Amino acid sequence: GVQVEAGKWKGLKTSNHSPSISHLFFADDLLLFAKAYQPNCDTTMETMNELCCISGKKINLQKSKMFISPNIHRNLAKNLSLLCGISLTQDLGRYLGVPLIHSRINRNIYNGVIEKIQKKLSSWKAKALSLAGRTTMIQSVSSSIPTYIKQTSKLPQSICKQIDKLNRNFLWCDLEGRKKVHLVNWKLVCKAKQEGGLGLRRAEDQNLTLLAK
């Protein structure tokens with residue numbers, strides 16, 4: 001924070017009027033943001049070394065990754081990588097199932113979410129549970145697996161419809177090899193209990209609510 005305030009550490013801005021971002025903490029992970037030029041890189045590493053001296057901990061450079069914008073000349077990117085001792089990468093991996101770096105949002109990014117929901121709402125669980133049990137299971141899965149993603153991204157409608165379909169089929173045991181009639185319209189099922197529904201939520205509605213939050 002001191003280096004940023006002194007103007008020695010130039011962070012990144014998401015827009016012309018946004019505050020400068022220098023770092024973000026995610027549980028035990030740390031993301032550092034800095035403009036790609038040598039003095040900035042020197043300041044960043046000096047700050048991290050100072051932090052290591054104070055805390056008694058050491059940075060594992062082999063497990064660290066450096067992502068530099070494709071707009072930066074490759075020779076400069078390689079020089080900054082050598083200066084820091086951190087290897088370059090085009091993929092920073094995922095955080096809670098969400099790719100940290102991705103291009104245009106499409107359904108392929110969220111296919112992993114669909115697969116996780118399918119595993120949780122398996123056919124043997126549907127057969128073993130009552131209607132009330134299946135309702136509780138849907139609420140549990142819907143409020144755990146995709147919640148972080150729904151808080152950070154506007155999901156494609158196709159993904160929301162797929163999630164709703166998985167929930168509907170599980171609720172009515174309309175599964176492979178065991179087709180069932182859906183006795184109540186999904187819109188009614190998703191109404192509050194005092195309004196005659198089961199209190200379940202449509203994926204798109206939950207997504208918009210969490211984004212607003």
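Let's start with serine 142, which sits in helix α6, residues 131-142. Helices here are DSSP runs of H or I with at least four residues, strands are runs of E with at least two, and both are numbered from the N terminus. Keep in mind that this is a predicted model, where local features need pLDDT of at least 70, side-chain atom pairs count only at pLDDT 80 or more, and totals for chains, interfaces and linings use all residues. Residues are numbered from 1 along each chain as its sequence is written, and side-chain values use heavy atoms, with hydrogens and water left out.

Is serine 142 buried or exposed? Serine 142 counts as buried because its relative accessibility is 13%; buried means under 20% relative accessible area, exposed means over 50%, and partly exposed is in between, using a 1.4 Å probe and protein chains only. Skipping residues up to four places away in sequence, serine 142 touches Thr147, Lys150, Asn167 and Gln206, where contact means heavy atoms within 4.5 Å.

Now hop over to isoleucine 159, in helix α8, residues 157-171. Isoleucine 159 has a relative accessible area of 0%, so it is buried. Leaving out neighbours within four places in sequence, isoleucine 159 is in contact with Arg107, Tyr110 and Ile114. Asparagine 106 is 53 residues from isoleucine 159 along the chain, and their C-alpha atoms are separated by 9.0 Å.

Strands β1 and β2 pair in the antiparallel sense over four bridges; to pair, two strands need at least two bridges found by DSSP. Phenylalanine 26 stands opposite aspartate 29 in β2. There are two residues between the strands of this hairpin, and alanine 27 takes a positive phi near 55°.

Finally, there's the largest pocket, with about 1800 Å³ of space. Its 45 lining residues include Leu30, Leu31, Leu32, Phe33 and Lys65, the closest to its centre. A pocket is an open set of points on a 1 Å grid over the protein atoms alone, where a 1.4 Å probe fits, with protein on both sides within 12 Å along at least five of seven lines; lining residues have an atom within 4 Å of a point. Grid points are joined across faces, edges and corners, and the volume is the space filled by probe spheres set on the points. Which element gives the most to the lining of the largest pocket? That is α2, with seven residues.
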